[in-house]
Amino acid sequence: MAPRGFPYADLQSFIAALEAVGELRRVTVPVDPTLEISEIVTRTVRAGGPALLFERPTRGDMPLVINLFGTEKRMAMALGVDRLDEVGERIGALAKPELPVGWSGIREGIAKVLQLKSVPPKKVKSAPCQEVVLKGDQVDLGLLPGLQVWPGDGGIFHNFGLTHTKHPETGKRNLGLYRLQQHSKNTLGMHWQIHKDSTAHHAVAERRGERLPVAIAIGCDPVVTYAASAPLPSDIDEYLFAGFLKGERIEMVDCVSVPLQVPAEAQIVLEGYLEPGERLPEGPFGDHTGYYTPVEPFPVLHIETMTMRKKPIYHSIVTSKPPQEDHGLGKATERIFLPLAKILIPDIVDYDMPAAGVFHNCLIVSIRKRYPKHAQKVMNAIWGAHLLSLTKLVVVVDEDCDVHDYNDVAFRAFGNVDYARDLLLTEGPVDHLDHSSYQQFWGGKAGVDATRKLPSEGYTRGWPEEMTMSPEVVSLVDKRWKEYGL
């Protein structure tokens, strides 16, 4: 049963739905977007607290909402389900009958789902996001309550801007979620990383000696916002995926000054272009790794036009050492894409991306082990699978282990492993933000085989039986528990 108000027409509708069930609190006193909001949000997230609407930030000209996705409950509400697994189950059911194994299978799986539930975006002529239009000298990023999250940050950042680009040759649209450093009243640093599709669009534009048009939407409805973070294949349109999740077409409007479309219901839109070859220092920035990422040269967005609603609400996020709000977004991706991951790697029974591993540092996988070195085969498949290739540590357990029970996983990883034989070391690509690799963009990886070992793997001692209490005794103690007075 979908939550009350779903599908949400816009950000305001989602805020109202959260407030109606006690999942949002308003902060009515003035609060500083430089550091103070960050400390409030961090404490709230770690206490499992609500979304926060700061009505009077001391920078900017509008309220700020944050921690919308900080719990699995709110993330499920955002996507209109009671459990995040429901979305994955829908996708898995629609993707059958059997599709090809491998990357072509996962691509065809998503394409088939979207074709079966075709909900392409719909163009509209007018939109709430263009009720106010500021051009040229009127453009002023100071109208926005952008955050400085950590003391060592290089300045003000806008952390939930949905970035739109098009491939200069094919016209294929991309929607991505990247941090944006405010350089001046009308320029932003574009921190898009080496593995992202927008980076490829920019590279083609530079090769052609052309400007790359960019549009950034802030404060979209929660389904569109999630779709921007989803690790979709480059040939799958994020707005088609958002329409499938939402169950209705996403309304899009032509930008005022660039040849792109943006969600009609967005709160704020920034339109501009990147000059070929232009870079400015960007950072440092306290990222989700828990460390400051260093200053590096990144492209510069020159904003020609700024559009917004008459009464916009600014949306942002705090990044830090886990746990933090992005756990909700990462957990949604984990559960939604499980059926498609099984198409890519059929050996997988279930997986978990621990928040402490910031979702790409560690992957726990359970398998139904059938032959010698099956676990190692799965490790190598993961390291060759799209963005799962960035995983640094893969822990493989048997199917009777709950991958979400870290105590059970640790019990097996500590006790079931001979580290001279069951540890696989390799090298490969790592996340752009990984500070531990000796070379940027690539580094060492490890796979831990914590499964029961087979005689055919060279284990000849006879694997011991794990201790379990008899069901009869468990039932007896259940019935007599009150008698014990414990």
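Is phenylalanine 441 buried, exposed or partly exposed, and at what relative accessibility?

1. Phenylalanine 441 counts as partly exposed, at 24% relative accessibility, where buried means under 20% relative accessible area, exposed over 50% and partly exposed in between, with a 1.4 Å probe and protein chains only. Phenylalanine 441 sits in the loop between β22 and β23 (442-449), and its phi is positive, about 85 degrees, although it is not a glycine.

2. This is a predicted model, in which local features need pLDDT of at least 70 and side-chain atom pairs count only at pLDDT 80 or more, while totals for chains, interfaces and linings use all residues. Residues are numbered from 1 along each chain as its sequence is written, and side-chain values use heavy atoms, with hydrogens and water left out.

3. Asparagine 67, in the loop between β3 and α3 (72-79), is another residue other than glycine with a positive phi, near 65 degrees. Asparagine 67 counts as buried, at 1% relative accessibility. Helices (H or I, at least four residues) and strands (E, at least two) are DSSP runs, numbered from the N terminus.

4. Two peptide bonds deserve a careful look, since most peptide bonds are trans. The bond from phenylalanine 6 to proline 7 is cis, with omega near 0 degrees, and proline 7 belongs to the segment before α1 (11-20). Glycine 283 and proline 284 are also joined by a cis peptide bond, with omega about -5 degrees, and proline 284 lies in the loop between β13 (280-282) and β14 (285-286).

5. In helix α2 (residues 36-46), the buried residues are Ile37, Ser38, Val41, Thr42, Thr44 and Val45. Seen down the axis of α2, these residues fall within an arc of 165 degrees, so they line one face of the helix; the arc is that of the directions from the helix axis to the C-beta atoms. An α-helix has 3.6 residues a turn, so residues three or four places apart point the same way. The buried residues of α2 pack against β2 (51-54) and β3 (64-66), with contact meaning heavy atoms within 4.5 Å. After α2 comes glycine 48, whose phi is positive, near 70 degrees.

6. Tyrosine 419, placed in the loop between α12 (406-415) and β22 (423-429), is partly exposed, with a relative accessible area of 42%.

7. For residues 329-450, an unreviewed UniProt entry lists "domain: 3-octaprenyl-4-hydroxybenzoate carboxy-lyase-like C-terminal", an annotation that may be inferred rather than shown by experiment. Over these residues the chain is 28% helix and 26% strand, with the end C-alpha atoms 28 Å apart.
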